[in-house]
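The structure is shown first, and the text follows it.

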Amino acid sequence: MFFGGGQRKDTGRGKNMDIELPVTLEDLYNGNEKLATVKRRIVCRNCKGKAHLPRCAECGACPKEKKMVHRRAGPGMVVQQEVMVESKEKCKREDKRLTATIEKGMPDAEEIVFKYESEQKPGQIPGDVVLKLKTTPHPMFTRSRDSLSMKIAIPLRAALLGFETSFKHLDGHTVTLKRTTVTKPGQVIRIKGEGMPKHGTPSEFGDLTITFSVDFPTTVEAALAQGLEKLLPTFSASDLRILSS
Ligand SMILES: [Zn+2]
Ligand SMILES: [Zn+2]
């Protein structure tokens, strides 16, 4: 991944470089190491007297520096004034590789700080590079803190008679789901311990909630209708109820 020219925040010293670091839910579940390369200006420590060497081929002027000067402002009066002066140092741009450790269960928007790794400028303490985690959407799971949620569509027959299914979790382990009772459309079940690992105590996990939808057949053919009429309980007008809103 390659970054450069992120947003900068003003602090007392050099400015911080704030960079968004995309991470997957798998990264946050399992933990991972992410490499981020930042483009930054550094003050060259090798230029003095050796600027002709190849490693200094791209060294150039540093940004101007602030300097306090005393200036005569009239007879017997001296004022102190801040002026910008050319720097005596040489600067160059470099690609700095930073390795961010994504810990299990880290929350979205967590900031991983690399102290003093931002742009350098002579006479100034550099700011930090701040990598802010940004979770990319997952096709299957939605995260809310330590909880995960997902949606499963099941056929009508499975909704009425029960079913067994399985899916792969974020670390590849198989979660088996077995239901022997009726599952209603919109019904939510909770599976303990199949959510996200808790940041700081990754041996503990949140829960997974599953919301079911039921795929009804779009048509019922005559033969099927006949069979269903025999199978399903009859109903009367009073079974069709208008519900209060
Ligand atoms: Zn140099
Ligand atoms: Zn599991």
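A residue is called buried when its relative accessible area is under 20%, exposed when that area is over 50%, and partly exposed in between (1.4 Å probe, protein chains only). This is a predicted model, in which local features need pLDDT of at least 70 and side-chain atom pairs count only at pLDDT 80 or more, while totals for chains, interfaces and linings use all residues. Residues are numbered from 1 along each chain as its sequence is written, chains are lettered from A and ligands numbered from 1 in the order in which they are written, and side-chain values use heavy atoms, with hydrogens and water left out.

H173 sits in the loop between β13 (163-168) and β14 (174-179), and E194 in the loop between β15 (188-191) and β16 (197-198), 21 residues apart. Strands (E, at least two residues) and helices (H or I, at least four) are DSSP runs, numbered from the N terminus. H173 is partly exposed at 27% relative accessible area, whereas E194 is buried at 15%.

**Salt bridges**

Side chains of opposite charge can pair when their charged atoms come close. A salt bridge is counted when a side-chain nitrogen of Lys or Arg is within 4 Å of a carboxyl oxygen of Asp or Glu. The structure holds 11 salt bridges, including those in the table.

| Pair | N to O distance |
|---|---|
| K39 and D95 | 3.3 Å |
| K48 and E89 | 3.8 Å |
| K192 and D207 | 3.2 Å |

K39 and D95 form a salt bridge that links strand β4 (residues 32-43) with strand β8 (residues 90-102), 56 residues apart. K39 is partly exposed at 37%, and D95 is partly exposed at 42%.

In the salt bridge of K48 with E89, K48 lies in the loop between β4 and β5 (60-61) and E89 in the loop between β7 (77-85) and β8, so the pair ties together parts 41 residues apart in sequence. K48 is exposed at 67%, and E89 is partly exposed at 23%.

The salt bridge of K192 and D207 joins the loop between β15 and β16 to the loop between β17 (201-205) and β18 (208-215), 15 residues apart. K192 is exposed at 66%, but D207 is buried at 13%.

A network of salt bridges links R13, K115 and D128.
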